[in-house]
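Student: Could you walk me through this protein, one question at a time? I'd like to see how each answer is reached.

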Amino acid sequence: MLSKMRTIFQVNFVIFITASAVVSDFPFRNVSLPWDVRVDDLVKRLTLNEVMFQMAKGGAGPKGGPAPAIERLNISPYQWSTECLRGDADAGKATAFPQALGLAAAFSPSLIRTIAEAVSIEVRAKNLDYTKHGDYGDHTGLSCFSPVINIMRHPLWGRSQETYGEDPYLTGVYAANFVQGLQGDDPRYIRANAGCKHFDVHGGPENIPQSRFSFDAKVSMRDWRLTFLPAFRSCVQAGTYSLMCSYNSINGVPSCANEMLLTDILRKEWGFTGYVVSDEVAIENIIYWHKYLNNSVDTVTACVNAGCNLELSWNNPQPVYLSIVDAVKQGKLSEDMVRERVKPLFYTRMRLGEFDPPAMNPYSQYNLSYIQSPEHRQLAVNAAMKTFVLLKNDNNLLPLVKTFGSISIVGPMADNLEQLFGDYHAQIDPWFSTTPLEGLSKLADKVIYAAGCNDNRCKEYSSGDIQNAVRGTQLVIVCLGTGDELESEGNDRSSMELPSNQTQLMYDVIKYSSGTPIILILFNAGPVNITLFDEDPRVPAILECFFPAQATGEALYNVLTNTGAGANPAARLPYTWYKTADQIPNMTDYTMTGRTYRYFIGDPLYPFGYGLSYAMFHYYYLSYPTSIEAGTPLVLNGMVDNIADFDGEEVVQVYIWWLNTQEQMPQRQLAGFDRFFIPKQTSLNFNFTIQPDTMAVWTDEKGFVIEPGTIGLSVGGQQPGQKKVVKSNVITGKFTVTGSKVLGRF
């Protein structure tokens, strides 16, 4: 979305109450009837004009939404524009959990599910309060434009922070767990509804070197099927009620008017029955940016026929979908099609419980006590600790085991609360938030602080402040990074270098700290060039934190000192940390050749799946069948020891690769992962199942096929064969597939 501005739009609810006795006998309110019968009954009672307004008013701002009330049927307004990525964003008070990319680094399906549950509880509780007071403004509804499951295919893309990283398999697992956690497990009702975005082939640019509003992603069918579609299919399989079509065109056709995407693939191949909402102003952009069509009637015809159910405009009193009636009158769009497209909107509202007695819905009992509850605040701390990736720890500097007389905490991110949250965050509440400076001040009797820069851009830099701060102390902690000031929606980075004088700040710390140990803490989404500091022995520890949000300071203290359960770092990088952006093709080139660990040929600074721990793990047993029939899952069992004196968590990673195929497949593919707690000096038994579709190769003639041949396999805490390695072993092997099986196109 373009705008995250919260707009209050109040409706006098009294006018709907008087009609309740009259409309209570309508079949669409009869809870004993099947859902489809109820939806059909409701939609047939609407005029075409009423249907049009329901499909046109999914937008933001008081003119863009909400969908209007239908007073004669006692149907309330409905707000479709809500952001739930990792907190109820721009909707008043809410718990602020770490940014999505950091949550991906946790490599924990259970964590993302738990976060989604907590977010949806707060969303539902606040929605009950908003609607009770007749407030249907932006971000007050139950239909979430979340999660973001695009693939992070370039390090400079501004929206990388909202994603789950570069791997389709990991992203798909996270998407499924987010959807199920958000929507809940009640057999009749959903707590809130998910909306996976941005569908599809969307991963930059935002604004460099050209605008996302008119960008045409040229993608091969192979890359589309192997990289850009799988996570969305996982989202659909998990039961999402919605997808959002993206700004870009795909091979010349705008996503929101792309029948191949929204009908042939999404509905016919995958069986999706929910609704598609446009990205904000994406429908209008078809006319004004893509210039694919030149008028509203033809555009609404193309989009509705392609499969877009709901227009999301920005405060537009005359959105494109208000031409639906004209398109029907001109014979370009059938009324039957329009009525079919509106049905998923009302089906969603029914499953949210809008047309049933509140007493039937377990989610109608929530109240505002859930907002920033002690349980949710503790979850924010635990989640932040799980997102920190330990990139370097020479001489076991960490965990810190003593209180210092004096330390220095420097850098523009050390006490920069707003920039610690990232994009699409819940409202910042200083009462529940801690910065690195606030959290780490407990490490010493005396703390000397200097930002060095006036902001993250660091164009105004005071070397003298840094020199004075780092002289004579026993430890220096440097906090650098970007924040959404430098990378965010609509805002690509032009370089992988640290912003402006931040590199000089680090040089000054090294020069003037006189051999004092230096810990570099980074707050960024896409990788930055820290190669020299990784190689410099005067910087023994580096910690990547992404954007941890409200719990930053508390979580940092716990991890640096290994204080409390879950404080031992175990997160892994959810993307390849290239040395420089020159190692991969430019952002506008949508071939996957040379991108991500699956196709990159070269030596990154840190590989995908890399991350250190205070513990040490040894894999010593792996069992699996050496031969399986095509179409049969591969079940593997293994054991790993924690041989250290620290309790810890280990991220077990399973990879496969194809040894015989003639098709162009990834050189390696993640096929299983999870995060396990292993007490010191104990063993863990783990099991994974590699599903048949994960083993399939893409063929242009038959779609996905499981071929006969040999597939390589590895299990460990990292990828096999990396130059930069975690201090644990990897077990490798192979298995044979006999026979073949055609799975088709998906």
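What follows is a chat about the predicted model shown above.

Student: How many helices and strands are there in the protein chain?
Tutor: Both kinds of element turn up in this predicted model. In the protein chain the count is 23 helices and 23 strands.

Student: What radius of gyration does the protein chain have, and why does it agree with a compact globule?
Tutor: Start with the 746 residues: a compact globule of that length would have a radius of gyration near 27 Å. The C-alpha atoms fill a box of roughly 80 × 60 × 50 Å along the principal axes. The value for the protein chain agrees with the globule figure, as it comes to 26 Å.

Student: What share of the residues of the protein chain count as buried?
Tutor: Buried means under 20% relative accessible area. Out of the 746 residues of the protein chain, the share that counts as buried is 65%.

Student: Which percentage of the contacts between residues at least 6 apart in sequence join residues at least 24 apart?
Tutor: Take the contacts in the protein chain and keep those between residues at least 6 apart in sequence. Among these, the part that joins residues at least 24 apart is 79%.

Student: Let's zoom in on helix H15. How far apart are its end C-alpha atoms, and why does that agree with its 17 residues?
Tutor: H15 covers residues 335–351, and at 1.5 Å a residue it should span 24 Å. The end C-alpha atoms of H15 agree with this, being 25 Å apart.

Student: Is serine 514 buried or exposed?
Tutor: Serine 514 sits in the loop between H19 and E11, and has a positive phi of about 55° although it is not a glycine. Exposed means over 50% relative accessible area. Serine 514 has 69%, so it is exposed.

Student: And threonine 516, is that buried or exposed?
Tutor: Threonine 516 is in the loop between helix H19 (502–512) and strand E11 (518–523). Leaving aside neighbours within four places in sequence, its contacts include Leu475, Val476 and Arg538. The cut-off for buried is under 20%. Threonine 516 is at 10% relative accessibility, so it counts as buried.

Student: What is the relative accessibility of alanine 549?
Tutor: Alanine 549 is in the loop between strand E12 (541–544) and helix H21 (552–561). Its phi is positive, near 70°, in a residue other than glycine. Alanine 549 counts as buried, because its relative accessibility is 0%.

Student: Which residue does a cis peptide bond join to glycine 65?
Tutor: Omega is about 5° at this bond.

Student: Last one: which residues is serine 627 in contact with, leaving aside neighbours within four places in sequence?
Tutor: Serine 627 is in strand E14 (residues 627–629) and, at 42% relative accessibility, counts as partly exposed. With those neighbours left aside, the contacts are Thr736 and Thr738.

How values were computed:
Residues are numbered from 1 along each chain as its sequence is written. This is a predicted model: local features need pLDDT of at least 70, side-chain atom pairs count only at pLDDT 80 or more; totals for chains, interfaces and linings use all residues. Side-chain values use heavy atoms; hydrogens and water are left out. Helices (H or I, at least four residues) and strands (E, at least two) are DSSP runs, numbered from the N terminus. The radius of gyration is taken over C-alpha atoms; the globule rule is 2.2 Å times the number of residues to the power 0.38. Buried means under 20% relative accessible area, exposed over 50%, partly exposed in between (1.4 Å probe, protein chains only). Contact means heavy atoms within 4.5 Å. The expected span of a helix is 1.5 Å times one less than its number of residues.
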